[in-house]
Amino acid sequence: MSNLRDRKRRHDRFYHRAKKENFASRAVYKLEALDRQHRLLRQGLRVLDLGCWPGGWLQYAAERVGPGGRVVGVDLTAVTLALPKQVTVLQGDIYELAPEALLAEAGDLEAFDVVLSDMAPHTTGIRFSDVARSVALVERALAIARETLVPGGSFLAKVFVGSGFDDLLNQVKADFRRVRMAKPESSRKESPEQYIVATERRSPAPTEE
């Protein structure tokens, strides 16, 4: 009976809508809602999508930035979707890929306008451990954003809220002028996930020669 209930929770109206609209996953509606509310994406932007498998966020971002934009996705797992030509997908570990390599391997990009992260750890059911691993993923995404994101750019990241979250949020606030928390309707109520929405990246302090 528990397996049946789990399946019903997974196969909710957003799951069926994604199937009907040919999106790779229901997660696309989280990005759509956050984008509508915070105006993160538009035509011509350059977007980095960390943890992009199975590809729903890539599909949505590619549509929003159009042929004149660029979308670069990174994931440990290969993305098998047919995607528009403005999308490049790299298979690799974000802890091993150097930030500058993401730009170099994507072609002629000098920086991104938006960095997205829907990454989540493989959960253990031990809340403290799961939260700590989620926070670590966001910290890595933030480190990559610091090296690849234009001043004035935006950062969106999923995080499990718990111990260590306040320190993480302070790190984000040090880098962005506007930082808000959001939980889209398509996020399951029982999930600890929330999204950090950070916009208007501050210009990095000049480095000493």
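Student: Leaving aside its neighbours within four places in sequence, which residues is Val-72 in contact with?
Tutor: The model is a predicted one. Val-72 belongs to strand β2, which covers residues 70-75. Once neighbours within four places in sequence are set aside, its contacts are Val-47, Leu-48, Asp-49, Thr-88, Leu-90, Ala-106, Leu-109 and Phe-112.

Student: Is Val-72 buried or exposed?
Tutor: A residue counts as buried under 20% relative accessible area. The relative accessible area of Val-72 is 0%, so Val-72 is buried.

Student: What separation do the C-alpha atoms of Val-72 and Val-87 have?
Tutor: Along the chain, Val-72 and Val-87 are 15 residues apart.

Student: At what angle do helix α3 and helix α4 pack?
Tutor: Two packed helices are described by the angle between their axes and the distance between the axes. Helix α3 spans residues 28-38 and helix α4 residues 56-65, and their axes are 8 Å apart. The angle is about 40°.

Student: Is the crossing of α3 and α4 left-handed or right-handed, and which residues make the contact?
Tutor: The crossing of α3 and α4 is right-handed. On the α4 side the contact is made by Gly-56, Trp-57, Tyr-60 and Arg-64. From α3 come Val-28, Leu-31, Glu-32 and Asp-35.

Student: How do the residues of that contact of α3 with α4 divide into nonpolar, polar and charged?
Tutor: The contact includes Leu-31 and Glu-32 of α3 and Trp-57 of α4. Its residues divide into four nonpolar, one polar and three charged.

Student: How far does helix α6 reach from its first C-alpha to its last?
Tutor: Helix α6 runs over residues 127-148 and has 22 residues. At 1.5 Å a residue, 32 Å is expected. The helix comes close to that, reaching 31 Å.

Definitions and conventions. Residues are numbered from 1 along each chain as its sequence is written. This is a predicted model: local features need pLDDT of at least 70, side-chain atom pairs count only at pLDDT 80 or more; totals for chains, interfaces and linings use all residues. Side-chain values use heavy atoms; hydrogens and water are left out. Helices (H or I, at least four residues) and strands (E, at least two) are DSSP runs, numbered from the N terminus. The expected span of a helix is 1.5 Å times one less than its number of residues. Buried means under 20% relative accessible area, exposed over 50%, partly exposed in between (1.4 Å probe, protein chains only). Contact means heavy atoms within 4.5 Å. Axes are lines fitted to C-alpha atoms, for helices over the stretch in contact, and angles run from 0 to 180 degrees between N-to-C directions. A crossing is left-handed if the near helix is turned anticlockwise from the far one by less than a right angle, and right-handed if clockwise. Ala, Val, Leu, Ile, Met, Phe, Trp, Tyr, Cys and Pro count as nonpolar, Asp, Glu, Lys and Arg as charged, and the others, Gly among them, as polar.
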